[in-house]
Amino acid sequence: MADKDKLIKVAKELNELYKRKKAALPYSINVIRELHANENANSRILRGLLQYSHNGQYPILQSFIERLRTIADCPIDISVQNPVLTNEQDNRIDLLIKEIKSYAIIVENKIWGATDQEEQIERYIDYVIDLGIPKRGIFVVYLTLDGNKKVTDESLTDKAKKHLGCSNKSNGRFIRMNFKDDIMPWLDTLLDLEEIRKEPLLSSSITLYVDFLKEYFDAREEDIKIENELEKQLMDTLQANSLKELLNTWEDVDKLQEIVSSAANKKIERISKQKICDALEKKGYHIRAYDFRYDYFDLEADIPEWENCWWAMESDKGRLFSGVWRYPEKTVAKKYIAMLNDVFDNSDDGYIGWNWHKDYELNDEFWIDIETHSRKFVNFVVNEIERVRKETKGIKL
């Protein structure tokens with residue numbers, strides 16, 4: 001490996017340059033980011049935009065349908081008259097756009113990669129059929145973050161595929177869509193619509209949402225400009241003129257990063273076991289399992305009155321959530337699972353009830369706080385466990 005001191009020096013210089021360039025940018029705050037928008041929040045934002053009407057017309061919804069037509073494997077014969085848009089009201093569908101006896105667009109929002117539920121899409125289709133919507137007018141939009149998440153056969157069952165006209169050669173009325181390649185560019189085009197430009201609050205809301213998505217995908221123009229400047233600085237410092245030299249440096253940096261991340265993760269595990277697990281054990285909680293790394297968090301505790309489940313706190317894409325995990329070999333009556341709707345916002349096959357914790361994200365600040373001020377977090381965990389124990393009293397878990 002190349003001189004590690006030189007690599008560390010270059011890394012520090014580039015990081016300082018990055019901080020200076022970011023600090024020089026105009027002040028920016030994105031309230032969507034600060035509120036830690038989850039799947040439900042993103043679905044509500046989309047509904048709020050799509051339901052905008054002007055002189056009896058729905059220009060944003062019409063534009064969205066046009067976007068669907070460019071993606072779908074099927075003709076989309078929809079005439080927008082008096083659409084009704086709901087979030088989580090109709091059989092807990094993330095976003096439903098419908099006109100009775102005409103059409104229904106079921107949007108299953110998986111922006112943060114939530115697990116597919118068994119027969120989920122099939123249930124949604126059956127629900128809108130019962131509303132009197134013809135099968136040929138039912139469209140399912142499977143909306144993911146970047147297109148990498150694929151729908152499971154457990155959710156999009158053979159029956160659901162038949163209803164949607166899916167085959168080996170066509171997706172039928174099942175439409176794959178994602179925020180990176182579809183929603184973000186489409187939202188940008190909305191700002192060119194004359195009706196939108198005349199609505200300052202609406203146009204600013206779209207601008208804010210686009211900014212939120214661009215920040216997540218590192219697609220802001222100012223961020224791209226900074227990245228280009230950092231690249232130039234790197235090339236000038238390293239004097240790497242050939243591809244071979246760059247690839248060798250890349251290999252060296254990867255090895256150095258591997259060493260540093262391994263050391264950091266070992267320290268995180270030691271600190272977290274002492275500051276979190278041992279502290280909870282002293283308070284009378286039995287820790288059944290744990291896994292602490294910079295980019296992953298898992299903490300599991302037994303609840304004495306639960307026979308079929310245990311409490312767990314985990315991370316997904318750096319965000320913390322916690323809830324009730326079911327033993328794989330044991331069952332919980334459906335009536336008790338249904339009762340968890342009053343305790344938790346979400347559920348799936350593994351976690352039969354769970355909530356996001358928007359105040360906690362895995363980053364430098366989080367782990368440093370665990371090392372230096374862990375009491376606040378431990379108290380938060382205790383309060384959450386006791387809240388769940390209190391609110392599930394009488395529910396056989």
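Predicted model: local features only at pLDDT ≥ 70, side-chain atom pairs only at ≥ 80, totals over all residues.
Q: Where does Asp302 lie?
A: To place a residue, we name the elements around it: helices (H or I, at least four residues) and strands (E, at least two) are DSSP runs, numbered from the N terminus. Asp302 lies in the loop between strand 7 and strand 8.

Q: How do I read a sheet, and what is the order of the open sheet with antiparallel pairing?
A: Strands of a sheet pair through backbone hydrogen bonds, either parallel or antiparallel. Two strands count as paired if DSSP finds at least two bridges between them. This sheet has five strands in the order 6-7-8-9-10. Its edge strands are strand 6 (287-293) and strand 10 (351-361), each of which pairs on one side only. Strand 6 is joined to strand 7 (residues 296-301) by six bridges, and the two run antiparallel. In this picture, Asp291 stands opposite Asp298 in strand 7.

Q: Which strands does helix 14 lie across?
A: For directions, axes are lines fitted to C-alpha atoms, for helices over the stretch in contact, and angles run from 0 to 180 degrees between N-to-C directions. Helix 14 lies across strand 7, strand 8 (309-316), strand 9 (319-326) and strand 10, and runs at about 135° to strand 8.

Q: What is the order of the open sheet with mixed pairing?
A: The order is 1-2-3-4-5, again an open sheet of five strands. Strand 1 (84-86) and strand 5 (174-178) are at the edges with a single partner strand each, so one side of each has no neighbour in the sheet. From one strand to the next, the twist averages 15°. Strand 2 (residues 95-99) and strand 3 (residues 103-110) run antiparallel and are joined by five bridges, with Glu99 opposite Tyr103 in strand 3. Helix 7 packs on the sheet, touching strand 3, strand 4 and strand 5, and its direction makes about 80° with that of strand 5. Helix 3 lies across strand 1, strand 2, strand 3 and strand 4 (138-144), at about 30° to strand 2.

Q: At what angle do helix 3 and helix 7 pack?
A: Two packed helices are described by the angle between their axes and the distance between the axes. Helix 3 (residues 39-50) and helix 7 (residues 179-190) pack at about 35°, with axes 13 Å apart. Asn42, Leu46, Leu49 and Leu50 in helix 3 meet Phe179, Ile183, Trp186 and Leu187 in helix 7.

Q: How many salt bridges are there?
A: Side chains of opposite charge can pair when their charged atoms come close. A salt bridge here is a side-chain nitrogen of Lys or Arg within 4 Å of a carboxyl oxygen of Asp or Glu. The count comes to 20. One of the pairs is Arg69 with Glu66, whose closest N and O atoms are 2.4 Å apart. These two are three residues apart in helix 4 (residues 59-71), so about one helical turn separates them. Arg387 also bridges to Glu391, with closest N and O atoms 3.2 Å apart. They sit four residues apart in helix 14 (residues 374-391), again about one helical turn.

Q: Which residues are linked in a network of salt bridges?
A: Look for Glu108, Lys110 and Asp116, which are linked in such a network.

How values were computed
Residues numbered from 1 in each chain as written. Heavy atoms only, no water. Contact = heavy atoms within 4.5 Å.
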